[in-house]
Amino acid sequence: MDRWIFLIPLLPFLGFLVNGLLGRRLSDRAVAIIGCAAPAGAFAVAVAAFAQVLQGESSTHSLSQELWTWIEAGKLKVSFALTIDRLSGIMCLVVTGVGSLIHVYSTGYMKGDSGYARFFAYLNLFMAAMLVLVTADNIVLMFLGWEGVGLCSYLLIGFWYKGLANCSAGIKAFVVNRIGDLGFLLGIFAIWAAFGTFEFKAINDAAGSAEGAAFWICLLLFIGACGKSAQIPLYVWLPDAMAGPTPVSALIHAATMVTSGVYLLARLGPLFDAAPGVLAIVATIGALTALLAALIAFSQNDIKKVLAYSTVSQLGYMFLAAGMGAYSVAIFHLVTHAFFKALLFLGAGAVIHSLHHEQDMRQMGGLRHRLPWTFALFLIGALALSGFPLTAGFFSKDEILHVAHSGLGTVDGRTILWIIGLITALFTAFYTFRQVALVFLGSYRGAPEPQAAEESAALGLELEKVEESPLSMRVPLLALAGLSLAGGFLAIPHFLGLEIPEDGKLAGLIIGGIVSLAGIGAALAIYLRFPSILERFLASPPGKRIYRLSTKKFYVDDIYQALIVRPLNSLAELSFYVVDRLIIDILLVHGSSFAVGAIGHLLRRLQDGRTPTYAAWFLLGAIVVLGMTLWMAGG
Amino acid sequence: MSLSLDLCLYLCTAIFSIGVYGVLSRQNIIVILMSLELMLNGVNLAIISFGRYFITVEGAELSGVGASTSQVFVIIVLAIAAAEAAVGLAILLAVYRRWRSTRVSDMRLLKG
């Protein structure tokens, strides 16, 4: 089995090549089949590999395959080598499994789009890069995958490139990511300086002896993780990334790419354990991000933006767990989150698709009658996200809260972070069911009743025209719903070899369940029965201020705009008008041609066609030569 | 006063300079040719002067330089000057046929 690992990233890459180069000439059906077969094939190989890893003697058993030497320069050697152990095996399964489902969904969602083949090509390329990222056995190869997924994220966010906003969103994502990547690169250099190797195994084994260096390395790597996984202060690209097609949002910005940062921390767990200061920072930023994003999600009216901020918030939870040293708990939440967030995004996509690309929730409502399947499956996702008892999200989120409260091993429990986590869980349930209520419950606000046509201000589609989505979109939703319900029982932390102290677990589960139910109940009550409570709150001065903070996203984007974007734009304008136009174009280019012309003008007087002039130059020359001869002979 | 070398050379310089002035500043092409001859003759005079001067200096017989050396030199120069004058006049005739003028400033194709 060792010899077949390379198929896991290779199959999607081949899919990319075929659909990318030949896709224009193939039928949509062929493109879809190739595009879905590639990740499905990778999934099959991943399952086989994982099964073999599970049968190994110890929990650290792994399969490795070195493909070729990539860089070799003196002592520096980096190979293209892949390894499947329990951690990367789980990641592979999630990426290929959820990825395949999303590919199938895309065949229905993207139907009729002129860039059909291009979409699947990019999606497959993304899968290939992501799989390289998770199976890499050294950090440089991982960085290759890291950059690859960043590239694909840019390509897919700006997929409908004719719209300026889409392209800007893609650029924003790439640039913000790049800032994080600087940290990552510096971390790689620091690793080389401290350890002399890039391989994860070697680094982890030697981690104990490099305390001082570990702090800086981990800090730099965490900056990289913040960029990719949308934590404070580098999360601003994720909500804008919703400009891309919904399957992209589901795959890249919910289930897989954004989790790379968490995976990085899990991979280098022993190294981070040697830097407790950084872990504290990680946990704090994770908790704060979770809270901040939840507060912004309250006021969003776009169905995808709510889910985007929700993703940022849940990623914060994962970093909170990682910051407590409980990396496998973070991975557990990563897996369950992949299931239910992909489900929610795909469900939102189904709604958008059925409403002919309406995304504003204020134009929705009462859709549960017209879209029963979508409603049921979306509801399951919402329950999982809110941590409703016994769903996958319930178990993973409570595991996180448990380690935040009681600590793990050498890391003490931090009560303040636990409280933040609990409050955020309440908010999560609230805004999630606010969304459910606005979209599916109540009555339809999108189009007027026939009688009230003249007075109504609604702009949406007539209710009768709203239809359920095709099977190609519904089956993946079903699969993901099943996983969202059953996934909690997978006990991934135990799988990954982590034993968590049990005391207080039951109490924690009960508290988590109560919080979740409270949030759900409050949201449903307010939005369905007692909207006046909300209106009174929003009319009051503190309510207005909080609402403004939330809708303006806490002014973070505006701060960045003022502090960073505008100065850089001014610098760019300066460079353009002064350096490029003035100095280079006018002074240097036109200037040099002008200088040549001027010299030519002067020199032209030498040859005026008049013989006496030439005679005079003869004389002058003769005098000069004579003078020089006398001077040299005399001296 | 006796005829010193300096005096002879002053005369030669004067003749030569007049010739140079004539070549550079006169418009009539025949005058230019005549001035050219003047320059040549000026130089001839200088050579003869040096020849005469060196005879009266001690050690001149030792180095083999004598009056006859300069005289031979000048004869050759004169012959060449004559030949050159003939060629110059032939060129003048050809140029006159083209430009129909004897003014040197009329004989140009370049516009300046």
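From the N terminus on, the elements of chain B follow the order α-α-α-α. That gives chain B 4 helices and 0 strands. Chain A has 25 helices and 4 strands. Both chains belong to a predicted model, which scores ipTM 0.84 and pTM 0.79.

**Chain B**

Start with confidence. The mean pLDDT of chain B is 86. In chain B, 86% of the residues reach 70 or more. Among the elements of chain B, helix H1 (residues 5–25) has the highest mean pLDDT, at 93. Helix H3 (residues 60–63) of chain B has the lowest, at 56.

How many of the residues of chain B count as buried? Of its 112 residues, 9% do. Now take the contacts in chain B with a separation of 6 or more. Residues 24 or more positions apart account for 52% of them.

**Chain A as a whole**

Chain A has 635 residues, and buried residues make up 50% of them. Its C-alpha trace spans about 115 × 75 × 55 Å along the principal axes. Consider the contacts in chain A between residues at least 6 apart in sequence. Of these, 79% join residues at least 24 apart.

One pair gives an example of distance in sequence and in space. A:Leu517 and A:Phe430 are 87 residues apart in sequence. Their C-alpha atoms are 9.3 Å apart in space. A:Leu517 lies in helix H21 (residues 505–529) of chain A. A:Leu517 is partly exposed, because 15 other C-beta atoms lie within 10 Å.

Helix H11 (residues 260–267) of chain A is mostly covered.

**Where the chains meet**

The contact takes 9 residues from chain A and 10 residues from chain B. What classes do the residues on the chain A side fall into? The side of chain A that touches chain B has 4 nonpolar, 3 polar and 2 charged residues.

Two packed helices are described by the angle between their axes and the distance between the axes.

| Helix pair | Axes come within | Crossing angle |
|---|---|---|
| H14(A) (residues 303–323) and H17(A) (residues 392–406) | 9 Å | roughly 40° |
| H17(A) and H18(A) (residues 415–440) | 7 Å | roughly 155° |

Take the H14 pair. The axes of H14(A) and H17(A) cross at roughly 40°, which makes H14(A) oblique to H17(A). The crossing of H14(A) and H17(A) is left-handed. On the H14(A) side, the contact is made by A:Tyr317, A:Leu320 and A:Ala321. On the H17(A) side, it is made by A:Lys397, A:Ile400, A:Val403 and A:Ala404. By class, this contact has 6 nonpolar, no polar and 1 charged residues.

Now the H18 pair. Why are H17(A) and H18(A) roughly antiparallel to each other? Angles over 145 degrees count as roughly antiparallel. The axes of H17(A) and H18(A) cross at roughly 155°, so the two helices are roughly antiparallel. H17(A) passes H18(A) in a left-handed crossing. From H17(A), the residues that meet H18(A) are A:Lys397, A:Ile400, A:Leu401, A:Ala404 and A:His405. From H18(A), the partners are A:Thr415, A:Leu417, A:Trp418, A:Gly421, A:Leu422 and A:Ala425. The residues of this contact divide into 7 nonpolar, 3 polar and 1 charged.

**Backbone exceptions in the loops**

Most residues other than glycine have a negative phi, and most peptide bonds are trans. Chain A has exceptions to look for.

A cis peptide bond joins A:Ile232 and A:Pro233, with omega about -5°. A:Pro233 is found in the loop between helix H8 (211–228) and helix H9 (237–240) of chain A.

A:His357 is not a glycine, yet it has a positive phi of about 70°. A:His357 lies in the loop between helix H15 (327–354) and helix H16 (372–386) of chain A. Is A:His357 buried or exposed? A:His357 is exposed, because it has 8 other C-beta atoms within 10 Å.

A:Phe554 is not a glycine either, and its phi is positive, at about 60°. A:Phe554 is found in the loop between helix H23 (541–551) and helix H24 (556–603) of chain A. With 15 other C-beta atoms within 10 Å, A:Phe554 is partly exposed.

Definitions and conventions: Residues are numbered from 1 along each chain as its sequence is written. Chains are lettered from A and ligands numbered from 1 in the order in which they are written. This is a predicted model: local features need pLDDT of at least 70, side-chain atom pairs count only at pLDDT 80 or more; totals for chains, interfaces and linings use all residues. A residue is buried if 20 or more other C-beta atoms lie within 10 Å of its own, exposed if 12 or fewer, and partly exposed in between; C-beta atoms are placed from the backbone. Axes are lines fitted to C-alpha atoms, for helices over the stretch in contact, and angles run from 0 to 180 degrees between N-to-C directions. Angles under 35 degrees count as roughly parallel, over 145 as roughly antiparallel, 65 to 115 as roughly perpendicular and the rest as oblique. A crossing is left-handed if the near helix is turned anticlockwise from the far one by less than a right angle, and right-handed if clockwise. Two residues are in contact if their C-beta atoms, placed from the backbone, lie within 7 Å. Ala, Val, Leu, Ile, Met, Phe, Trp, Tyr, Cys and Pro count as nonpolar, Asp, Glu, Lys and Arg as charged, and the others, Gly among them, as polar. pLDDT is the predictor's confidence in each residue, from 0 to 100.
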